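Work through the exercises below with the model open beside you. Try each task before you read its solution.

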Amino acid sequence: MNPTITQMTNRSTVRKLDPSREIPKDILENILRATQQSPTYTSGQQYSIIVVDDKVKKEKIADQTISSAGVRMEFIHEAPIFLLFIMDFNKIDQALAYENTDPEIFNTIENILIGTVDVGIAAEAATVAAESYGLGTVMVGALRKSTETLIKDFNLPKYCIPLLGLAIGYPSKEMVQYPDPSYKVTPRFPLEYLVHYNNYEKKDLKKHFEDYNIIMKEHFLRKRGLDSTWTAYMTRYYSKPFNKELLTIYQKQGFNF
Ligand SMILES: Cc1cc2nc3c(=O)[nH]c(=O)nc-3n(C[C@H](O)[C@H](O)[C@H](O)COP(=O)(O)O)c2cc1C
């Protein structure tokens with residue numbers, strides 16, 4: 001183990017953040033600079049980050065971002081910094097206009113994938129960078145429920161879509177275990193269910209679910225006060241389509257696929 005591997009292996013989402021402890025400016029800047037050096041598709045940098053430290057704006061995002069269990073995500077306004085990650089093809093649109101060319105890519109699903117991957121990579125880089133300072137983080141995909149409002153509230157131009165948030169702050173005192181190594185990380189599937197060598201090996205997961213459901217039920221209860229097995233939690237999420245309005249909103253923002 002080296003320090004990077006140790007940090008990444010022991011990390012966990014921290015949903016109790018200390019609102020009274022500001023993040024020093026130089027630390028935030030280092031996090032943003034490290035994030036900026038992430039790889040991006042064809043060096044296009046198809047994303048932007050909005051640093052939200054305005055209390056009223058954070059409060060409004062928290063008001064609109066309710067979890068699937070109907071719970072308000074308090075950590076959004078408790079976090080001194082909330083990073084809003086935007087899929088941003090406005091820059092590419094301007095680059096192509098500079099070259100007097102029409103951006104036909106905006107009529108395909110491919111650009112959505114490019115922008116989504118760029119945002120995901122950057123958000124993870126920001127997470128690792130923040131955690132290297134002992135900060136706690138929460139990624140927030142639930143904000144996509146309020147995509148249209150966020151577009152208005154943050155003046156997003158054409159070809160820009162808010163995809164993900166990252167709440168960053170010092171873990172609150174209730175999180176005394178963090179980042180103590182005894183603090184339990186969220187259990188994952190055993191590596192053999194994640195990694196395949198040279199070929200995808202389809203596995204019957206039924207037996208594995210029995211064990212994992214027991215482990216995760218205990219974990220969900222302890223960490224999130226949630227009484228659910230893993231398979232039941234997944235079923236709650238994926239049995240019905242959600243955020244169906246996104247197609248229309250994306251079209252309004254210029255993505256005409
Ligand atoms: C794309 C993405 C979106 C997420 N959105 C939310 C969210 O809206 N609210 C939340 O509490 N956690 C969110 N999370 C955090 C996950 O719930 C968390 O990473 C997962 O439960 C595993 O736990 P761990 O990070 O502690 O290992 C998100 C994570 C990712 C990668």
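**Exercise 1. A loop serine**

Is Ser228 buried or exposed?

Solution. This is a predicted model, in which local features need pLDDT of at least 70, side-chain atom pairs count only at pLDDT 80 or more, and totals for chains, interfaces and linings use all residues. Residues are numbered from 1 along each chain as its sequence is written, and side-chain values use heavy atoms, with hydrogens and water left out.

Step 1: take the cut-offs. Buried means under 20% relative accessible area, exposed means over 50%, and partly exposed lies in between (1.4 Å probe, protein chains only).
Step 2: apply them. Ser228 has a relative accessible area of 8%, so Ser228 is buried.
Step 3: Ser228 sits in the loop between H8 and helix H9 (230–238). Helices (H or I, at least four residues) and strands (E, at least two) are DSSP runs, numbered from the N terminus.

**Exercise 2. The ligand shell**

Solution. Step 1: list the neighbours. The ligand has 16 residues around it, and Thr13, Arg15, Met139, Gly141 and Thr186 come nearest. A residue is near a molecule if one of its heavy atoms lies within 4 Å of it.
Step 1: find polar contacts. These are pairs of N or O atoms within 3.5 Å; within protein, one must be able to donate a hydrogen and the other to accept it, and residues adjacent in sequence count only if both atoms are side-chain atoms. A side-chain N or O atom of Thr13 is 2.5 Å from a ligand oxygen. For Arg11, the side-chain distance to a ligand oxygen is 3.2 Å. For Lys223, that distance is 3.2 Å.
Step 2: compute the cover. On its own the ligand has 620 Å² of accessible area, and the protein covers 68% of that. Accessible areas come from the Shrake-Rupley method with a 1.4 Å probe; for residues, only the protein chains shown count as cover.
Step 3: assign elements. Strand S3 (136–140) and helix H8 (206–224) each give two or more residues to the shell. S3 gives the most, with 3 residues.
Step 4: sort by type. The shell divides into 7 nonpolar, 4 polar and 5 charged residues. Here Ala, Val, Leu, Ile, Met, Phe, Trp, Tyr, Cys and Pro count as nonpolar, Asp, Glu, Lys and Arg as charged, and the others, Gly among them, as polar.

**Exercise 3. Strand S4 and its partners**

Which strands are joined to S4 by bridges, and in what direction do they run?

Solution. Step 1: recall the rule. Two strands pair if DSSP finds at least two bridges between them.
Step 1: take S2. Strand S2 (residues 81–88) is antiparallel to S4, with 8 bridges. Asp88 has Cys160 as its bridge partner in S4.
Step 2: take S3. S3 is also antiparallel to S4, with 5 bridges. Gly136 stands opposite Gly169, and Val140 stands opposite Gly165.
Step 3: check burial. In S4 (residues 160–169), 10 of 10 residues are buried. In S3, 4 of 5 are buried. Leu163 lies in S4, and its 6% relative accessibility is why Leu163 counts as buried.
Step 4: Gly141 is in the loop between S3 and helix H7 (147–153). Gly141 is partly exposed because its relative accessible area is 26%. The C-alpha atoms of Gly141 and Gly165 are 6.5 Å apart, and 24 residues separate them along the chain.

**Exercise 4. Nonpolar cores**

How many residues does the largest nonpolar core have, and which have the most contacts inside it?

Solution. Step 1: define the set. A nonpolar core is a set of buried Ala, Val, Leu, Ile, Met, Phe, Trp, Tyr and Cys residues joined through side-chain atoms within 4.5 Å.
Step 1: The largest core has 54 residues, and Phe82, Phe85, Met87 and Phe255 have the most contacts inside it. Helix H6 (residues 110–131) supplies the largest share, 8 residues.
Step 2: look for another. A core of 6 residues lies apart, with Tyr212, Met216, Leu226 and Tyr233 among them.

**Exercise 5. Positive phi**

Where does Asn198 lie, and what is its phi?

Solution. Step 1: Asn198 is in the loop between S4 and H8.
Step 1: its phi is near 70 degrees, a positive value in a residue other than glycine. Most residues other than glycine have a negative phi.
Step 2: Asn198 has a relative accessible area of 82%, so Asn198 is exposed.
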